[in-house]
Amino acid sequence: MEAPVWNMLRMLIRVLTERMFKHLRKWFVTHFFGHSRQRARLVSKDGRCNIEFGNVEAQSRFIFFVDIWTTVLDLKWRYKMTIFITAFLGSWFLFGLLWYAVAYIHKDLPEFHPSVNHTPCVENINGLTSAFLFSLETQVTIGYGFRCVTEQCGTAIFLLIFQSILGVIINSFMCGAILAKISRPKKRAKTITFSKHAVISKRGGKLCLLIRVANLRKSLLIGSHIYGKLLKTTVTPEGETIILDQININFVVDAGNENLFFISPLTIYHVIDPNSPFFHMAAETLPQQDFELVVFLDGTVESTSATCQVRTSYVPEEVLWGYRFAPIVSKTKEGKYRVDFHNFSKTVEVETPHCAMCLYNEKDTRARMKRGYDNPNFVLSEVNETDDTKM
């Protein structure tokens, strides 16, 4: 009796040891070699586009300066603040030099020893430092009252008018660019989040690809519209290789794909029918596929009426076949609806056909059986004819 028990224990220990080493090997490969085998993405998970332009002609680069407003808005904060500080300090110093030149030409500086009755163009400019301070006071309209322009020089009056006008233009442009950068709807897109993985499972009797999306703010996105693009390398019948060929992917919710009531997390799905590019894929072949699924959400910000777009992408390793999302919305005792974001990207394994063609073949078989075709219970019995006319 003891020998079978020991054999069972040894077998159990061996099975547990093999499973433990299998999980350790999988964890080691994922954490230490997973990054080196990551696929190249056109769109990162947070929506940034991974693309660069090379060999752009100098004439084309000049176009960016023609559209200087958009160019400044697209700059990073460190470059924008550098331009902001340089624009103001540079203009103050440049006009400071001009005010110093006016005082020098009119012999208003102390080194010329002006007479007591001498009327300077600008009162109390004694050197380059005081000329810089007067330039700053003029452009930002501080007006301390200690330094001021007199009616002695027409050149000084013209320079005062010119600096005042140019100062308003610089101040309006730079302050407007800072305000527009802060209020861009791109920041609103940061509060829209997608699930980490996409899943494939049955929904409503159909095989679907599902993605979960949530709005982290209570303010709505008006007129929301969601759609997708499948990016993959294809070869045309003429032999041309098209990199990043785009295929439309239609995503819907139960009420359609436009004007979403986006107050709680939504599960959007794409029906894998014969017209879908996922139709000929299977659970075994999905990890070997080479594609990138980019999902877009367009909408209008309720508080600012500005349009924004949210993007994310999924590669084959991030599409789980045979899973569905865990429930996320519940109702509290007080009658409020509670969203548990701890389960936002959590998935649960469910029974799923290993390919879309299998599901459709199964449905077709059941339909034919109901109509009496290919019914295994139908048996043809032969009847021998007899001659009943004989008397």
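**Predicted model: surface, hairpin and annotated spans**

The protein exposes about 26900 Å², and carbon and sulfur atoms supply 59% of it. Areas come from the Shrake-Rupley method with a 1.4 Å probe; for residues, only the protein chains shown count as cover.

Reader: What are the ground rules here?
Author: This is a predicted model: local features need pLDDT of at least 70, side-chain atom pairs count only at pLDDT 80 or more, and totals for chains, interfaces and linings use all residues. Residues are numbered from 1 along each chain as its sequence is written, and side-chain values use heavy atoms, leaving out hydrogens and water.

Reader: How many helices and strands?
Author: 7 helices and 13 strands. They are DSSP runs, numbered from the N terminus: helices are H or I, at least four residues, and strands are E, at least two.

Reader: What share of the residues is buried?
Author: 30% of the 391 residues. Buried means under 20% relative accessible area (1.4 Å probe, protein chains only).

Reader: Switching to strands. How do strand 7 and strand 8 run?
Author: Antiparallel. 8 bridges join strand 7 (residues 292–301) to strand 8 (residues 307–314). Two strands pair if DSSP finds at least two bridges between them.

Reader: Which residue is the bridge partner of Val295?
Author: Thr312, in strand 8.

Reader: And what about the turn?
Author: The two strands form a hairpin with 5 residues between them. Ser305 in that turn has a positive phi of about 60 degrees.

Reader: Which residues does the "transmembrane region" annotation cover?
Author: Residues 83–105 and 156–180, according to an unreviewed UniProt entry. Such annotations may be inferred rather than shown by experiment.

Reader: Helix or strand over 83–105?
Author: 100% helix and 0% strand, with the end C-alpha atoms 32 Å apart. Residues 156–180 are also 100% helix and 0% strand. There the end C-alpha atoms lie 36 Å apart.

How values were computed:
Buried < 20%, exposed > 50% of the residue type's maximum accessible area, 1.4 Å probe, protein only.
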